[in-house]
Amino acid sequence: MIKGKNAVVTGSTSGIGLGIAEGFAKEGVNLVLNGFGDAAEIEQIRAGLASKYGVKVIYDGADMSQHEQIEAMMHHAAEQLGGVDILVNNAGIQFVSPVEEFPVDKWNAIIAINLTSAFHTTRIAVPYMKSKGWGRIINIASAHALVASPFKSAYVASKHGIMGFTKTVALEVAEHGVTCNAICPGYVLTPLVEKQIPDTAKARGITEEQVKRDVLLAAQPTKQFVTVEQVAGTAVFLCSDSAASITGTNISVEGGWTAH
Ligand code: NAD
């Protein structure tokens, strides 16, 4: 049903975004990959997805903190692929600090990339979706869109913010065949999370295995990391006919975290 649709997945050179991009490519969806990284590695990913799944894959390195670059990426995507049918707002960064010491530039960057970029991609994508009477907007939020953890004020604020944005956009586009939802993952072992492990181990004087089980997975009852494939499968489901009446809500994929 989604074969031949066109998707933009922000932050898709790594981690969850890359998993979602591959999940869509498998279903025959053309793609715009976005994100930072080594140019040769990104080209290998782009060409690999295109040849493995027989879909069109474009790379656009737009910086999600710069609205002119986001606008250019969205219009370019629509011109090259013939519209934007699926938008996944996934690019995100993290920084951990007590609120009174939180660097102002880090706060601004987190709000810009995790929250404001979704406003810029969505406002450009919606007219393309309305013109076809079909669209799917999927915001990769977090369990931190629903509950908080200390020292993550900017991240938690950005993720709670994207939940409100999700509900508002869903109401505005509901009569146009367009849905807007958030996926709220728990901990997924991606570079964003892996980077935190050695420092946390050092700071707490414990092993990296202890950090995984007793710190990262402390609130995740399954004691298992969520996989990128599970998040990607949820995104593909949200694009199916069965999900056409699911809008303005969130799907938690977090091993029971927010059941506490
Ligand atoms: P990651 O670090 O593996 O990937 C982040 C992606 O975003 C990369 O492709 C990176 O290049 C890109 N990116 C970062 N800044 C950018 C910018 N300014 N412009 C364009 N691209 C940029 O991280 P991940 O864990 O895959 O996280 C992806 C999303 O999932 C984020 O929104 C994150 O908050 C959310 N999330 C992650 C977890 C987790 O445990 N990993 C849990 C819940 C939610």
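This is a predicted model: local features need pLDDT of at least 70, side-chain atom pairs count only at pLDDT 80 or more; totals for chains, interfaces and linings use all residues.

Me: Where does Gln-94 lie, and is Gln-94 buried or exposed?

Reply: Gln-94 lies in the loop between β4 (86-89) and α4. Buried is the word for a relative accessible area under 20%, and because the relative accessibility of Gln-94 is 18%, Gln-94 counts as buried.

Me: Which residues come nearest to the ligand?

Reply: There are 30 residues around the ligand.

Me: Which side chain makes a polar contact with the side chain of Thr-121?

Reply: Thr-121 is found in helix α4 (residues 104-132), and with a relative accessible area of 0% this residue is buried. Leaving out residues up to four places away in sequence, Thr-121 touches Thr-10, Ile-70, Met-73, Met-74, Leu-87 and Asn-89. The polar contact between side chains, at 2.6 Å, is with Asn-89.

Me: Why is the pair of Phe-95 and Phe-102 edge-to-face?

Reply: A search of the whole structure finds three aromatic pairs. In the pair of Phe-95 and Phe-102 the ring centres are 5.7 Å apart. Ring planes over 60 degrees apart count as edge-to-face, and the pair of Phe-95 and Phe-102 is therefore edge-to-face because the planes of its rings stand at 80°.

Me: Which residues form one aromatic cluster with Phe-102?

Reply: Phe-102 also pairs with Trp-107, the ring centres being 6.4 Å apart and the planes at 85°, so this pair is edge-to-face. At 10% relative accessibility Phe-102 counts as buried, whereas Phe-95 is partly exposed at 27% and Trp-107 is partly exposed at 34%. The residues that form one aromatic cluster with Phe-102 are Phe-95 and Trp-107.

Me: Over the face of which residue does Lys-5 lie, and over the face of which residue does Arg-123 lie?

Reply: Lys-5 is placed 4.1 Å from the ring centre of the residue whose face it covers, Trp-134. For Arg-123 the distance to the ring centre is 5.4 Å, and the residue in question is Phe-119.

Me: What is the phi of Phe-151, and what is the phi of Lys-223?

Reply: Most residues other than glycine have a negative phi. Phe-151, in the loop between β5 (135-140) and α5 (153-173), is partly exposed at 48% relative accessibility, and Lys-223, in the loop between α8 (208-216) and α9 (228-238), is partly exposed with a relative accessible area of 29%. Neither residue is a glycine, yet phi is positive in both, at about 70° for Phe-151 and about 55° for Lys-223.

Me: How many residues apart in sequence are Pro-221 and Gly-255, and what is their C-alpha separation in space?

Reply: Pro-221 lies in the loop between α8 and α9 and is partly exposed, with a relative accessible area of 45%. Leaving aside neighbours within four places in sequence, Pro-221 is in contact with Gly-255, Gly-256, Trp-257 and His-260. Pro-221 and Gly-255 are 34 residues apart in sequence, and from C-alpha to C-alpha the separation is 6.0 Å.

Me: What distance separates the C-alpha atoms of Gln-224 and Glu-254?

Reply: Gln-224 lies in the loop between α8 and α9, and at 51% relative accessibility this residue counts as exposed. Gln-224 and Glu-254 are 30 residues apart along the chain, and their C-alpha atoms are separated by 9.3 Å.

Key. Residues are numbered from 1 along each chain as its sequence is written. Side-chain values use heavy atoms; hydrogens and water are left out. Helices (H or I, at least four residues) and strands (E, at least two) are DSSP runs, numbered from the N terminus. Buried means under 20% relative accessible area, exposed over 50%, partly exposed in between (1.4 Å probe, protein chains only). Rings of Phe, Tyr and Trp (its six-membered ring) pair if their centres lie within 6.5 Å; planes under 30 degrees apart count as stacked, over 60 as edge-to-face and the rest as tilted. A charge sits over a ring if NZ of Lys or CZ of Arg is within 6 Å of the ring centre and within 35 degrees of the ring normal. A residue is near a molecule or strand if one of its heavy atoms lies within 4 Å of it. A polar contact is a pair of N or O atoms within 3.5 Å; within protein, one must be able to donate a hydrogen and the other to accept it, and residues adjacent in sequence count only if both atoms are side-chain atoms. Contact means heavy atoms within 4.5 Å.
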